[in-house]
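Hello,

Here is the structure I promised to pass on. Please have a look, then read the notes below.

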Amino acid sequence: MSAPVLITGAFGQVGKRVTALLLSRGHTVVVTDLRTDSVRTTAEKLAEAPQPGTLRTTFADLLDRAAVEALVDEHRPDAIIHLAAMFSPQSYRNPQLARRINVGGTENLVRAGQKLPTAPLLLFASSAAVYGSRNPHRHPERITADTPVAPIDQYGEDKVLAESVITRSGLPHAFLRLGGVLSPDTTAGINTDHLVLIRATPGDNRLHGVDARDVALAFANAVGRRDSINGKVLLIAGNDTYAHTHRDVEDSMFEAMGIGRLGPSASLPGDPGDDRGWAFTGWCCVPDLVAAVPVRAPIPAADSPPDVMITLQPMNIVQAAADLFWSKPVKDYPDLKIALSEGGTGWIPYFLERLDRTYEMHFTWTAQDFGGRLPSEVFREHFLTCFISDPVGVRLRHDIGIDIIAWEADYPHSDSMWPGAPEQLGDVFTGVPDDEIDKMTHLNAMRWYSFDPFAHTPREQCTVAALRAAAVDHDVSVRSHSHTVLTAEEKLAAFHAQISAVAGAGR
């Protein structure tokens with residue numbers, strides 16, 4: 001069983017959602033928060049919901065160093081999602097307590113993590129408040145992860161200080177700097193402090209929102225990606241439909257609450273000549289989205305041999321591909337990128353034909369609209385197809401689209417070609433021009449993920465010969481590391497028991 005994930009502030013608008021997501025993915029999740037009536041109610045609802053994961057609920061005050069150290073030492077998490085904080089505007093009324101919670105509480109959590117034999121990945125909920133006042137008249141450019149921090153309020157300063165504590169700790173970490181988190185829960189906590197803040201904030205101040213569900217998804221997806229995100233700053237915000245002025249967002253909130261829109265007189269415009277008179281928010285430059293979507297495969301008959309499941313594995317993804325293609329996000333997010341990992345490619349040409357025929361025969365009553373383009377054209381803009389060994393797909397590469405095919409190693413799964421991948425892949429690519437091989441082996445993936453490996457390791461050191469020479473002293477023989485030796489009969493019995501349990505749970 002993998003190590004658990006610890007979540008602080010686990011019962012807020014983001015915490016409860018990321019907890020539910022991780023439980024649905026089978027994780028063991030240790031959740032902690034202050035003991036209040038609302039927290040207990042939320043904890044009970046999470047515990048009652050049937051999930052494949054395991055929930056362990058605790059109540060700990062981050063200001064209690066001994067309690068925090070005991071909590072971390074007992075559960076020894078592989079990752080810590082640190083959401084707990086005292087937020088603005090409440091933090092403005094008691095800045096000393098806010099500093100103790102937001103910075104001191106983080107210090108206690110970091111010290112506890114440093115004492116573990118294996119350092120946990122610390123995922124910290126930071127804020128766009130670290131960038132300080134953003135006068136849109138003098139700084140029309142959007143915020144990026146590299147924009148210098150320059151907080152102007154206590155909450156932004158707390159986040160910068162907490163980030164510094166984490167950076168100095170040496171723990172693997174990532175900072176998720178959040179835009180304005182929006183959810184139905186937000187309106188429940190509006191009080192006179194918020195009304196004063198609304199009045200004091202320029203109505204034309206920029207605000208980049210983000211749905212609490214998307215924030216939760218970002219944290220859940222970061223778990224288990226220690227190597228790829230360690231040390232990074234990630235801006236978490238919605239697409240351009242979430243980029244508004246404060247006045248627009250506030251009026252929409254009040255309208256949803258039944259109060260109605262307050263209009264321009266509820267707040268004053270900002271002063272173009274005053275760089276410090278604007279709020280600590282702005283519009284973010286959010287890079288192209290790349291979606292990774294888990295696929296729940298159909299459950300074969302409980303008495304079927306394992307060959308059935310193995311045969312269907314590369315093709316089961318067709319259901320997810322259809323779900324995603326016809327979904328609203330593909331139309332709403334022109335930069336959305338979706339990789340169909342471990343899906344193979346040989347089935348893609350027929351799938352594209354079927355998409356086009358479905359659209360041409362039924363769009364008048366299914367209300368689909370791709371702006372005059374065919375679904376196959378739209379598919380090639382949004383989807384990357386991936387294969388391990390697929391000679392049929394390679395032969396049909398131009399029917400698929402040579403620019404949306406990527407080879408994957410799938411190491412260390414049993415389908416992988418490793419360690420003889422170059423030779424086996426060379427056989428698959430027999431008769432394929434070098435420029436097309438380059439696209440399928442690395443150029444398409446580099447473009448799709450906006451990643452240039454040759455910026456880190458020179459191209460001449462990335463050839464098969466060079467990489468093998470660099471690993472000459474490493475044992476790459478195929479051998480089992482299992483401490484338990486099972487017979488073929490025992491493996492089959494275990495497989496059938498697993499399938500029967502899954503089939504029973506799915507009824």
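**Strand β4 and its sheet**

In β5, I80 has L122 as its bridge partner. Strand β4 (residues 79-82) and strand β5 (residues 121-127) pair in the parallel sense, over 4 bridges. Strands here are DSSP runs of E of at least two residues, helices are runs of H or I of at least four, and both are numbered from the N terminus. Pairing requires at least two DSSP bridges between two strands.

This is a predicted model: local features need pLDDT of at least 70, side-chain atom pairs count only at pLDDT 80 or more, and totals for chains, interfaces and linings use all residues. Residues are numbered from 1 along each chain as its sequence is written, and side-chain values use heavy atoms, with hydrogens and water left out.

β4 also runs parallel to β1 (residues 5-8), joined by 4 bridges. There, I7 stands opposite I81.

The open sheet has 7 strands, in the order β3-β2-β1-β4-β5-β6-β9, with parallel pairing. β3 (54-59) and β9 (232-236) stand at the edges with a single partner strand each, so one side of each lacks a neighbour in the sheet. On average, neighbouring strands are turned by 20° against each other, direction ignored. Axes are lines fitted to C-alpha atoms, for helices over the stretch in contact, with angles from 0 to 180 degrees between N-to-C directions.

Helix α6 (residues 154-169) packs on this sheet, touching β5 and β6 (173-178). Contact means heavy atoms within 4.5 Å. The direction of α6 makes about 160° with that of β5.

Best regards
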